Amino acid sequence: MLTYIVRRLLIFVPVLLGITIINFIIVNMAPGNPVDMYIDPNMSPEIIEAKKEALGLNDPLIVQYVKWLGTLLTGDLGYSMSSYAPVAQLVGERIMPTVTLGLAALVLALLIAVPLGILSALKQNTKIDYFVTGLSFIGTSIPNFFLGLALIYIFAVNLGVLPTGGMQQLGGDGGMWDRVRHMILPAIVLATAIAGRKVRYVRASMLDVLKQDYLRTARSKGVHEFWVTNKHALRNALLPVITVVGLEIPILLGGAIITEQIFQWPGIGQLTLQSMMSRDYPTIMALNLIAAIAVLGANLLTDILYSAADPRIKVG
Amino acid sequence: MRKHRKPFSALLLTAAVALTLSACGGGGYTTTKEASADSSAASSAGGTAVIGIVNPPTTFNPLNPNDTASTQAISVMNDSLSVLNDKLEFELRLADAIDTEDNRTFKIHLHDNATWNDGTDFTTKDVEYTLNMIANPSVTSNINLSFIEGLNDSGKLDAGTSSISGFKSLDDKTFTVTTKYPVEMTYFNDGFSGKVRFLPQHVLKDTPAESLDTSPYMQNPTVTIGQFSFVKFAKDQYIQYKANESYYLGAPKLSGLYLKIMTASNLVAQIQTGEVDTNMDRTGLIPVEDFEKVSNMTNVTSSFSPISTPVSVMFNVQKMSDPKVRRALEMAVNRQQIVDKLLKGNGEIVDGMLPSTHPFFDGSIEPYAYDPDGAKKLLEEAGWDFGQVIKFSVPVGNKVREQASELMAADWKAIGLQVEIQKFDFPTLLQKLVSNDYEVGVVTIPYTADPSSVFNYFTPASAMNFTGIDDPKLTALIEKGAKETDTEARKEIYNQVQQYFHENVPQFAMYVDKLMIVQSNTLKGKVGPDALNNLYKWEKTE
């Protein structure tokens with residue numbers, strides 16, 4: 001197991017390198033550059049040229065990439081080309097909000113999806129089943145921005161029980177409960193979509209398992225139906241679900257751009273959008289790198305969890 | 001997608017001077033020591049106000065505020081020598097007198113009570129330090145002081161020189177600035193007194209110029225000289241300020257102030273819930289479709305800003321070279337319909353770069369009326385090939401601007417033109433404009449009190465010559481306008497420039513939309529374009 005993990009981690013290095021090269025090319029292919037954003041009729045072409053030179057934008061792409069990689073290897077992500085803040089600081093400040101919101105949404109989604117999926121499978125082709133699958137359809141298809149605005153309208157504007165957005169009250173010393181209150185609505189929005197997708201996975205997977213012989217054996221041995229379902233069947237049914245949940249993690253870490261924007265959640269998604277709009281190359285590259293690491297890490301984690309959940313699967 | 005963003009350097013708030021001031025030399029704004037003492041004694045009564053802003057600021061670096069929101073966030077905590085009011089006139093601030101005899105040497109006296117918020121006296125040393133940094137080739141700044149003696153055409157010091165010959169300190173509170181050529185007071189203040197905000201020399205003097213851009217001070221500017229002091233920037237959420245108790249015009253009545261960042265739809269919701277007291281001028285836009293909803297809210301009063309910016313249709317004159325064709329394209333557009341239907345009547349129609357409220361606006365020019373038949377005839381006269389496809393570049397992000405562009409394209413198609421709309425994100429569009437890689441494009445260009453702020457876009461010397469125009473007649477007029485020292489004579493020259501625009505149409509205004517200003521019933525004080533000048537007078541009642 002340990003050698004497997006080490007081997008996988010070693011494969012990460014060339015893969016990451018490849019990803020950064022492709023990203024670097026794509027980012028630089030986009031029209032416009034950070035210096036063009038200094039728009040002022042009194043800017044002379046000389047200042048613009050000098051600025052491009054100073055930022056190294058006139059170097060050949062390969063030179064720019066090697067320079068970027070060089071500073072990265074010393075642990076430095078460089079400085080933003082729009083705010084001149086250290087990129088590590090910009091990204092660092094946003095990671096925790098994104099992770100917290102993402103995890104909260106994921107947990108909430110699973111708390112909804114797993115019981116509903118089981119219920120739906122057990123009551124296959126009944127009104128309950130139709131209701132649950134219908135619900136999951138709505139959850140998947142309702143646009144984030146619409147649900148977000150609707151929730152703000154109902155809970156913040158009309159009922160006034162929850163804040164309209166942000167991560168904490170102004171001034172920010174409202175404590176833990178204040179943060180939770182701010183997280184409720186965005187977490188619900190994100191969880192709705194995830195739960196919608198997962199209910200159907202759990203249901204389908206559960207249906208497969210419920211037909212298996214070993215469950216009949218368990219029943220005939222006198223195991224209570226509750227344990228048959230929730231212990232013997234569920235463990236096997238959740239195996240494929242682990243994979244798809246693993247795939248959600250990088251999506252969440254990449255930043256739920258729309259949800260974060262609607263709720264002014266100060267996460268990675270907002271920063272991504274801002275840095276793209278200002279062609280802030282160092283920040284975009286850092287964000288891409290984090291997303292790549294998240295995807296690779298989540299895949300590895302999925303594989304490990306998989307073998308932990310199913311002793312028949314041996315990694316290595 | 002992203003909120004409407006105007007990443008142009010926001011000159012409007014940072015610039016210009018009252019024409020009246022140029023005549024009476026500093027008598028327009030008086031603050032006495034007695035008045036300051038009185039309000040200091042009253043101190044902060046308490047209460048905090050919240051201003052809603054849609055576009056997030058990117059930097060607090062006063063030397064390089066490269067978007068409107070940043071300029072606004074900086075001006076809360078950093079004063080300039082003078083500030084622009086909502087009549088596009090000037091009020092003195094850090095300076096209590098700006099005088100000139102010959103329109104070349106400007107003598108400026110700093111406010112006697114002006115101190116940094118840490119108690120250090122504000123002196124000409126700070127001015128000198130700041131100007132030297134702006135002029136230092138290794139410091140990034142979008143402030144171009146090239147009209148000051150001793151600086152090159154890029155507004156920087158040449159290699160080997162370390163001080164600006166056009167700056168002289170007379171004593172701790174008095175200095176002179178000499179320009180290369182005589183300039184009118186508005187021009188001087190637009191480019192200097194209203195534009196430059198200062199860095200504390202005593203805090204930054206040991207920071208090498210090369211690392212000033214990335215200095216921690218720029219992220220956390222606690223030592224400033226303005227109405228409020230910086231507390232913290234909760235990224236993407238809000239900027240928190242506290243009252244500057246030692247503010248030289250008197251301590252603010254509020255104890256704290258927030259600029260709260262949010263989407264436009266959320267802005268309306270938070271106005272309704274009372275979480276936001278007012279919206280920021282130009283960067284806290286309330287969507288047109290919400291005007292009615294907001295004006296019906298009982299907890300706020302709403303009005304329209306006297307200042308708004310024309311949305312321009314730009315022609316690449318190298319590709320759309322016939323003035324007749326360009327004029328025909330303007331005549332073919334039903335601008336009244338855009339104002340009536342899209343803006344629900346909240347807008348005006350002008351021809352050129354300036355709105356009718358601008359002091360240099362030439363009111364004698366009658367905008368071309370909607371005349372599709374006349375337009376078609378003009379095109380036929382010009383020998384336009386109706387099979388040719390016009391590529392029309394439109395920036396995304398501002399819904400009204402996008403819809404108006406679509407209406408316009410429909411009007412052009414209605415007279416038989418072939419039009420292809422191409423939508424771009426703003427950086428891409430900008431790149432196309434800068435490199436003249438377009439045919440017809442849409443962009444909003446902010447103006448300041450000095451008309452050169454917009455007309456300088458139309459000279460070959462500018463790196464931002466979007467239209468690619470290079471007409472010696474126009475260039476000469478614009479240069480003459482910049483250098484004329486008599487206000488009335490300048491107006492006459494800029495009238496000729498506007499006449500040139502009317503005849504040759506390198507650009508025309510699609511519409512000028514009125515911006516809604518909201519004020520909660522619990523907030524007392526001036527809001528709108530003048531808000532940031534008057535924050536220290538704001539009061540909050542419960």
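B:D171 stands opposite B:T174 in β7(B). The model is predicted, so local features need pLDDT of at least 70 and side-chain atom pairs count only at pLDDT 80 or more, while totals for chains, interfaces and linings use all residues. Residues are numbered from 1 along each chain as its sequence is written, and chains are lettered from A and ligands numbered from 1 in the order in which they are written.

*The sheet*

- Four strands of chain B form an open sheet in the order β4-β5-β7-β6, with antiparallel pairing (two strands pair if DSSP finds at least two bridges between them; strands are DSSP runs of E with at least two residues, and helices runs of H or I with at least four, numbered from the N terminus).
- Because β4 (95–100) and β6 (167–171) of chain B stand at the edges with a single partner strand each, one side of each is left without a neighbour in the sheet.
- β6(B) pairs with β7 (residues 174–178) of chain B in the antiparallel sense over four bridges.

*Helix packing*

- Helix α11 (residues 323–331) and helix α13 (residues 372–381), both of chain B, pack at an angle of about 165° with their axes 8 Å apart (axes are lines fitted to C-alpha atoms, for helices over the stretch in contact, and angles run from 0 to 180 degrees between N-to-C directions; contact means C-beta atoms, placed from the backbone, within 7 Å).
- That angle makes α11(B) roughly antiparallel to α13(B), a label for angles over 145 degrees.
- The contact is made by residues including B:V325 and B:M331 of α11(B) and B:L378 and B:L379 of α13(B).

Methods: Angles under 35 degrees count as roughly parallel, over 145 as roughly antiparallel, 65 to 115 as roughly perpendicular and the rest as oblique. Two residues are in contact if their C-beta atoms, placed from the backbone, lie within 7 Å.
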